[in-house]
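Please read each point against the coordinates shown.

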Amino acid sequence: MVKKNLKRSYRITKYVIYKETLVDFKEKFWSFLGAFIGIGIIAFIQSLSLPKIENIFLIGSFGASSVLIYGAIQSPLAQPRNFIGGHVLSAFVGVTVLKVCPDIIWISAPLAVSLAIIVMQFTKTLHPPGGATALIPILGSEKITSLGYYYVFSPVLTGVLILLFIALIFNNMTKNRTYPTNNTFTRRFKTKKRLAKILVKLGVKETTEAGTLKN
């Protein structure tokens with residue numbers, strides 16, 4: 001049983017790596033554009049609301065997440081549940097650890113990361129950049145640490161929602177890109193969208209509820 005599961009995991013990993021490393025310049029263009037706009041929006045909000053030295057809205061773990069949600073969209077770790085849950089839960093863990101042992105960094109830093117991993121595993125929201133999100137409150141500037149649990153909502157949740165919104169747009173721009181990959185609604189939406197284009201080309205304007213086509 002264990003051997004069978006290992007073989008299955010290997011096949012899935014091999015397939016994901018193969019899909020994500022194919023040289024398709026159109027797909028790479030949408031990956032670039034999505035990441036550029038997603039991070040760009042957060043950086044723009046940062047530049048409007050805060051001085052350059054108080055960079056608390058554009059956190060480093062968003063860069064790592066962008067690699068997954070724009071460049072490796074087939075990965076289970078890049079799906080919205082993992083992306084949102086991983087960041088938010090890890091942020092909560094990081095702030096909690098900071099409040100419990102704020103002055104013992106050799107305990108608080110590893111504790112925040114290790115607890116974040118366990119929480120993500122239990123909730124099936126494993127997202128590697130979440131480890132950095134948990135660590136930022138421990139190692140961050142005084143501006144970051146002073147946010148307390150507000151850090152969970154902004155910059156973390158706010159930034160995550162911005163990146164996800166952009167990902168939902170640019171990761172579904174072509175027929176070969178579907179995000180979330182495990183979302184039935186997304187697949188149906190894209191199928192209907194392609195069908196509508198075909199019908200337009202054929203000169204079919206509408207479909208009745210009974211299934212008859214009108215020209």
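1. The accessible surface of the protein amounts to about 13300 Å², and carbon and sulfur atoms account for 68% of that area; accessible areas come from the Shrake-Rupley method with a 1.4 Å probe, and for residues only the protein chains shown count as cover. Of the 215 residues, 37% count as buried, where buried means under 20% relative accessible area, exposed over 50%, and partly exposed in between (1.4 Å probe, protein chains only).

2. This is a predicted model, in which local features need pLDDT of at least 70 and side-chain atom pairs count only at pLDDT 80 or more, whereas totals for chains, interfaces and linings use all residues. Residues are numbered from 1 along each chain as its sequence is written, and side-chain values use heavy atoms, with hydrogens and water left out.

3. The protein has 9 helices and 2 strands, and from the N terminus on the order is α-α-α-α-α-α-α-α-α-β-β; helices (H or I, at least four residues) and strands (E, at least two) are DSSP runs, numbered from the N terminus. Among contacts between residues at least 6 apart in sequence, 64% join residues at least 24 apart, a contact being heavy atoms within 4.5 Å.

4. On the surface, Ile104, Ile105, Trp106, Ile107, Leu111, Leu115 and Leu139 form a nonpolar patch with about 650 Å² of accessible area together. Patches are made of residues with over 30% relative accessible area and no salt bridge, like charges being joined within 9 Å and nonpolar side chains (Val, Leu, Ile, Met, Phe, Trp, Tyr) within 5 Å; a salt bridge is a side-chain nitrogen of Lys or Arg within 4 Å of a carboxyl oxygen of Asp or Glu. Helix α5 (residues 105-122) gives the most to the patch, with 5 residues, and Ile105, found in this helix, is partly exposed at a relative accessible area of 47%.

5. In the largest nonpolar core, which has 29 residues, Ile69, Tyr151 and Leu163 touch the most other members; such a core is a set of buried Ala, Val, Leu, Ile, Met, Phe, Trp, Tyr and Cys residues joined through side-chain atoms within 4.5 Å. Two or more residues each come from α2 (25-49), α3 (61-71), α4 (80-100) and α8, and the largest share, 10 residues, comes from α8. A second, separate core of 9 residues includes Leu98, Cys101, Ala116 and Ile138.

6. Tyr150 lies in helix α8 (residues 150-170) and counts as partly exposed, at 49% relative accessibility. The C-alpha atoms of Tyr150 and Phe92, 58 residues apart along the chain, are separated by 9.4 Å.
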